[in-house]
Amino acid sequence: MSSIVILSSSVRNGRKSPQVARYTEAPQPASVIIPFLKECKFSNFEGRLTLKKIDGAPMLQFAEEIKKANGVSYVIPEYNGGYPAGLQNAANHFYTQWHSNPVVNATVSTGLFGITQVITSLQFTLWKIKSWTVPAMFSVPTADKTFDESGHAIEKEATEKRAAAFIPELMWCIEANKRMN
Ligand SMILES: Cc1cc2nc3c(=O)[nH]c(=O)nc-3n(C[C@H](O)[C@H](O)[C@H](O)COP(=O)(O)O)c2cc1C
């Protein structure tokens, strides 16, 4: 069975991204792990980490989960037009762990437009760490009103429609990737 990491990248107090991460978790045709970046306790970047050099259980677990995953789904808020510094920080700590993973992006905003600007800057970083971006996106506007705390959609039908292609396209790319390796 394939495995997907759904990375909830906000570390902000009162963050809404975990609800979106939980929504995209269930039920999937793959085993799913959700690292919450806040709980991984990354220090500010001072140098790349290899698995041997990591001391700190949550960071080591994070590195191993990313390395083992067949695909990654990022759940990303937009702050002043950019993606969270914590996500860039986590990305910088590793290198090979990110390689060759198909990735999809879910964007989270309390605004009406569900942020898409953030994708252009993140895409550049994904390219640099050799991830493969799947075209499907799940854009979540008004995130504070769209999900309850457990990640259940309040407007179920509309939300399902917006999310429909998201994980299936990731799974398609994971299968294609496996056949080439
Ligand atoms: C510092 C800051 C900057 C923000 N900038 C934007 C922005 O540029 N565009 C946008 O749509 N929302 C912006 N927002 C609103 C976020 O979309 C909203 O807070 C969302 O819930 C963030 O995800 P999170 O709750 O998981 O951290 C900003 C919020 C903060 C705190």
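Figure 1. An oxygen atom of the ligand is 2.7 Å from an N or O atom in the side chain of Ser10. The model shown here and in the other views is predicted. From the backbone, a polar atom of Lys16 is 2.7 Å from an oxygen atom of the ligand. Gly81 also takes part through its backbone, with an N or O atom 3.1 Å from an oxygen atom of the ligand. The protein buries 72% of the 620 Å² that the ligand exposes when taken alone.

Figure 2. Around the ligand are 14 residues. The closest of them are Ser10, Arg12, Lys16, Ser17 and Tyr79. One of these, Ser17, is also among the buried residues of helix α1, the element shown in the next view.

**Figure 3. Helix α1 and its cover.** Seven of the nine residues of α1 are buried, so the helix is largely enclosed by the rest of the structure. The buried residues are Ser17, Pro18, Gln19, Val20, Ala21, Tyr23 and Thr24. Their cover includes the strands β1 (3-8), β3, β4 (102-108) and β5. Helices α7 (156-163) and α8 also belong to this cover.

**Figure 4. Gln19 within helix α1.** Gln19 is part of helix α1, which spans residues 17-25. Its relative accessible area is 5%, so Gln19 counts as buried; the cut-off is under 20%. With neighbours within four places in sequence left aside, Gln19 is in contact with Phe147, Asp148, Glu149 and Gly151.

Figure 5. Thr125 belongs to helix α5, residues 117-128. Thr125 is buried because its relative accessibility is 14%, and the cut-off for buried is under 20%. Not counting residues up to four places away in sequence, Thr125 touches Tyr83 and Gln88. With Gln88 there is also a polar contact, made between the two side chains at 3.5 Å.

**Figure 6. Met171 in helix α8.** Helix α8 covers residues 166-180 and contains Met171. The relative accessible area of Met171 is 11%, so this residue is buried. Apart from neighbours within four places in sequence, the residues in contact with Met171 are Ser2, Ile4, Pro29 and Ala30. Met171 and Asn70 are 101 residues apart along the chain, and their C-alpha atoms are separated by 9.1 Å.

**Figure 7. Asn80, a loop residue with positive phi.** Most residues other than glycine have a negative phi. Asn80 is not a glycine, yet its phi is positive, at about 50 degrees. Asn80 is placed in the loop between β3 (71-77) and α4 (85-93). Its relative accessibility of 87% is why Asn80 counts as exposed, for which the cut-off is over 50%.

Figure 8. Thr142 is a residue other than glycine with a positive phi, near 40 degrees. The loop that holds Thr142 runs between β5 (132-140) and α6 (143-146). Thr142 counts as partly exposed because its relative accessibility is 22%.

Note on methods:
Residues numbered from 1 in each chain as written. Predicted model: local features only at pLDDT ≥ 70, side-chain atom pairs only at ≥ 80, totals over all residues. Heavy atoms only, no water. Helix = DSSP H or I, 4+ residues; strand = E, 2+ residues; numbered from the N terminus. Buried < 20%, exposed > 50% of the residue type's maximum accessible area, 1.4 Å probe, protein only. Polar contact = N/O pair within 3.5 Å; in protein donor to acceptor, adjacent residues only side chain to side chain. Contact = heavy atoms within 4.5 Å. Near = heavy atom within 4 Å. Areas by Shrake-Rupley, 256 points an atom, 1.4 Å probe, with all protein chains shown as cover.
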